[in-house]
Amino acid sequence: MDKYIITQGSGTSKYDLNAFDKALLDSGIADYNLVKLSSILPANCQKVNAVDLPKGSFLHTAFSKYVENRPGITISAAVAIAIPKDRSLPGVIMEASGDYDLETANEIILSMVRIAMEARGITEYDIEKDSISMKTKDGFNCVVAAVSIW
Amino acid sequence: MDKYIITQGSGTSKYDLNAFDKALLDSGIADYNLVKLSSILPANCQKVNAVDLPKGSFLHTAFSKYVENRPGITISAAVAIAIPKDRSLPGVIMEASGDYDLETANEIILSMVRIAMEARGITEYDIEKDSISMKTKDGFNCVVAAVSIW
Amino acid sequence: MDKYIITQGSGTSKYDLNAFDKALLDSGIADYNLVKLSSILPANCQKVNAVDLPKGSFLHTAFSKYVENRPGITISAAVAIAIPKDRSLPGVIMEASGDYDLETANEIILSMVRIAMEARGITEYDIEKDSISMKTKDGFNCVVAAVSIW
């Protein structure tokens, strides 16, 4: 476990799970076997741009998804990682999603990682963040924000 | 990860989690440590009839369960795998459950795997499917449909 | 997989996921990457007092959490393991949580593991149990009870 990506995506389909699948395709992690994770970035993990595992591999992923089947609603998902300046310490991943706009999602997720660092007594850290927003259409709509680690 | 089973089961008990446990016993996968998976069948994976791991092992499983505590209701769960004719490509697993009958569950799950293949631009594939339906009794009732991969 | 801990904790915060994070800090398992597990204790697994893996490691964990954002409510979480006297058989972990008191949580969880043993035809077994209760404050409140296996 020394690599990670931070990603997001959205999708719309006739069924809930297909909307999620399309959001994962949009995120670049649909063809892996996601194992849901909560929510630590191991020390000395390096950010990369894409998953370099064979398709179908297990991929440990912290994510938040939001599904909405009413049209015309703004929905958002965000994920952030607080990475201690002391790189020997693990980071904390927080994820959030809901029927709010991108600015709200960004505010919430920053507040969440700050609280998580405060709870651990860590004051010096960097933050990485990714987020997505969409206006829902007819059918099921899904936004997802994710951190995958391998 | 070169073997999988496709299975289903049902159970009724005083508590939600015990109904799920009985449905897993009925499915033949209760004595493993299920790690929830979403939802890719690795390329060149072979179907077998039973799990041949020691009891208590971790077993990566894509599943859908539905729990209902009102009596006299029809509930169903279904799972399907679309396996590309080009066996070097991964397959896609879809799962669904709800308070509908078996025929509806089968229609939904077939539609879901077709949409997932369409989303990947794959037109040639086989489908495997399993599903279960029950009429609920007093207590908590659970139906589960699952694909386990190891 | 030959070690386990049984633990519990509580936390309160501005956000749902931070309340869960604080409950995990209180439980001593927050700095691991929890992979949710259901719910078997492998044969010949030994109980220890703390996780001895590097921080950030994957930690397979069966848990139940309850989150409540109304103040002044009693919420509880409990976990129990039924361990067959025949130590070559796997044990069964059950977890429960809700807006009930500690005594109720303890009664429910004992009843659940007994039903799980009965469903397997096992009559001779020991039970281990841990539980927690809190009166909720302003904000999001979380109780968690967990068994981690590694």
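**Exercise 1. Around Ile149(A)**

Task: Find which residues Ile149(A) touches, leaving out those up to four places away in sequence.

Solution. 
Step 1. Apply the contact rule: heavy atoms within 4.5 Å.
Step 2. List the partners. Ile149(A) touches Met1(A), Lys3(A), Tyr4(A), Leu37(A), Ile40(A), Leu41(A), Pro42(A), Cys45(A), Leu59(A), His60(A), Ile93(A) and Asn33(C).
Step 3. Ile149(A) lies in strand β9 of chain A, residues 140-149. Strands (E, at least two residues) and helices (H or I, at least four) are DSSP runs, numbered from the N terminus.
Step 4. Check one partner. Ile149(A) and Leu41(A) are 108 residues apart along the chain, yet their C-alpha atoms are separated by 7.7 Å.
Step 5. Ile149(A) has a relative accessible area of 1%, so it is buried. Buried means under 20% relative accessible area, exposed over 50%, and partly exposed in between (1.4 Å probe, protein chains only).

Before going on, note the ground rules. This is a predicted model: local features need pLDDT of at least 70, side-chain atom pairs count only at pLDDT 80 or more, and totals for chains, interfaces and linings use all residues. Residues are numbered from 1 along each chain as its sequence is written, chains are lettered from A and ligands numbered from 1 in the order in which they are written, and side-chain values use heavy atoms, with hydrogens and water left out.

**Exercise 2. Strand β6 of chain A**

Task: Decide which strands pair with β6(A), and how enclosed β6(A) is.

Solution. 
Step 1. Take β8(A), residues 125-135. β6(A) pairs with β8(A) over 11 bridges, in the antiparallel sense. Here Ile81(A) stands opposite Glu128(A).
Step 2. Take β7(A), residues 91-98. Seven bridges join β7(A) to β6(A), again antiparallel. Ala80(A) has Met94(A) as its bridge partner in β7(A).
Step 3. Look at the link. β6(A) and β7(A) form a hairpin, with six residues between them.

**Exercise 3. A sheet in chain B**

Task: Work out which strands stand at the edges of the open four-stranded sheet in chain B.

Solution. 
Step 1. Write the order: β3-β7-β6-β8, with antiparallel pairing.
Step 2. Read off the ends. β3(B), residues 40-41, and β8(B), residues 125-135, each have a single partner strand, so one side of each is left without a neighbour in the sheet.
Step 3. Two bridges join β3(B) to β7(B), residues 91-98. Ile40(B) has Val92(B) as its bridge partner.

**Exercise 4. Where chain A meets chain B**

Task: Describe the interface of chain A and chain B.

Solution. 
Step 1. Find the area. The two chains bury about 1,700 Å² between them, 63% of it on carbon and sulfur atoms. Buried area is the accessible area (1.4 Å probe) that two parts lose on being put together, summed over both.
Step 2. Find the main contributors. Tyr15(A), Leu17(A) and Phe58(A) supply 32% of the area that chain A buries against chain B, more than any other three residues.
Step 3. Look for salt bridges: a side-chain nitrogen of Lys or Arg within 4 Å of a carboxyl oxygen of Asp or Glu. The interface has two. One of them joins Arg120(B) and Asp31(A), at 2.8 Å from N to O.
Step 4. Name the elements. α1(A), residues 16-27, and β2(A) each give two or more residues to this side of chain A. α1(A) gives the most, with six.
Step 5. Check for strand pairing. β2(A) and β2(B) pair antiparallel over two bridges. Leu34(A) stands opposite Ser38(B).

**Exercise 5. Where chain C meets chain A**

Task: Repeat the survey for chain C and chain A.

Solution. 
Step 1. Count residues. 20 residues of chain C are in contact with 20 of chain A.
Step 2. Find the area. About 1,600 Å² is buried, and carbon and sulfur atoms give 63% of it.
Step 3. Look for salt bridges. The count is two. Arg120(A) forms one with Asp31(C), the closest N and O atoms being 2.8 Å apart.
Step 4. Check for strand pairing. Two bridges join β2(A) to β2(C), which run antiparallel. Ser38(A) stands opposite Leu34(C).

Technical notes
Two strands pair if DSSP finds at least two bridges between them.
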